[in-house]
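Subject: Structure handover

Hello,

Here is the structure for you to take over. Please open it first, then read the notes below.

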Amino acid sequence: MPNELDYCEKHECNKELFFKCKWICNTCISESLKNASKQHEEIFLKNLLSRKISNAHIPLDLKNKDLNNFLINDEEDEKIVDLAKRYMEQIVEKKTHLNLMITGPTGVGKSHIAVGILKYCYELKYFRNSVSYSTSFGLANKVIATWSNPDLNEEDVLKEYTEIDLLIIDDLGYGDIGKKAEIINKIIYRRHENQKSTIITSNLKANQVLEYMDSRTCSRFLSHLYSDIQIDTEDFRLKRM
Ligand SMILES: [Zn+2]
């Protein structure tokens, strides 16, 4: 019977003397090295994630939202989360750009789902790509601010927002009509040209969102629309195109 000091019960093999002071089995060593590198990778990914998230301009009240803490009341809620995940998985797997529209009244969790998707993309190791959040209103204002400030350039702002790989345009149709609508249309259109994915959330009905767009923008947006999620607490409908 081997001495317990020089026999590894776990791997049923003899230990070896390391550095003339410690008896240890080879498999135990490689296991602990593997664990250490896994832990290191997890910490690295966690840090990268928090850096990316803090650069994505997610507002404070949405910062902690993700697809895991979306309140599931029934089967329909489950379907929303599944669809949101599938949307992101399609972008990653097919290496393509896809749009998503999330509509419904205030307070049903549209922005929560959108921000959740943005975070879910990191679970899929979509780290190389840039993601960002903006309200439609805020985005239009950012462009308009360049008109009266000689230090700012409209084209720079447009370029910034048309080159982000995945952009949430939150609350489309709220405080963004007239000139602002023209800007938002321009951004959606150019994002399509650049093959970038856009998530739009809105209190408007799906058909009103499409009416908000000029025909040129609308047809481009629709050509790469993955799905149209309509969230309504009373009357929930889920359509897949
Ligand atoms: Zn061992």
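A term to start with: contact means heavy atoms within 4.5 Å. Please also keep in mind that this is a predicted model.

Start at Ile113. Setting aside neighbours within four places in sequence, Ile113 is in contact with Leu67, Phe70, Ile80, Val81, Ala84, Ile102 and Ile231.

Ile113 belongs to the largest nonpolar core, which has 37 residues. Tyr87, Ile113 and Ile199 have the most contacts inside this core. Helix 3 gives the most, with eight residues.

There is also a second, separate core. This one has 24 residues, including Leu158, Ile164, Ile187 and Ala206. As background, nonpolar side chains in soluble globular proteins tend to be buried together.

Next, the cavities. How many cavities of 30 Å³ or more are there? The count comes to one. The largest cavity has a volume of about 40 Å³.

Which residues line the largest cavity? They are His97, Asn99, Ile188, Arg191, His192, Lys196, Thr198 and Phe221. Helix 6 (residues 179–193) provides the largest share of this lining, three residues. By type, the lining divides into two nonpolar, four polar and two charged residues.

That covers the cores and the cavity.

Best wishes

Conventions
Residues numbered from 1 in each chain as written. Predicted model: local features only at pLDDT ≥ 70, side-chain atom pairs only at ≥ 80, totals over all residues. Heavy atoms only, no water. 1 Å grid on protein atoms, 1.4 Å probe; cavity = no way out; pocket = protein on both sides within 12 Å on 5 of 7 lines; lining within 4 Å. Points joined across faces, edges and corners; volume = space filled by probe spheres on them. Helix = DSSP H or I, 4+ residues; strand = E, 2+ residues; numbered from the N terminus. Nonpolar A, V, L, I, M, F, W, Y, C, P; charged D, E, K, R; others polar. Core = buried A, V, L, I, M, F, W, Y, C linked by side-chain atoms within 4.5 Å. Buried < 20%, exposed > 50% of the residue type's maximum accessible area, 1.4 Å probe, protein only.
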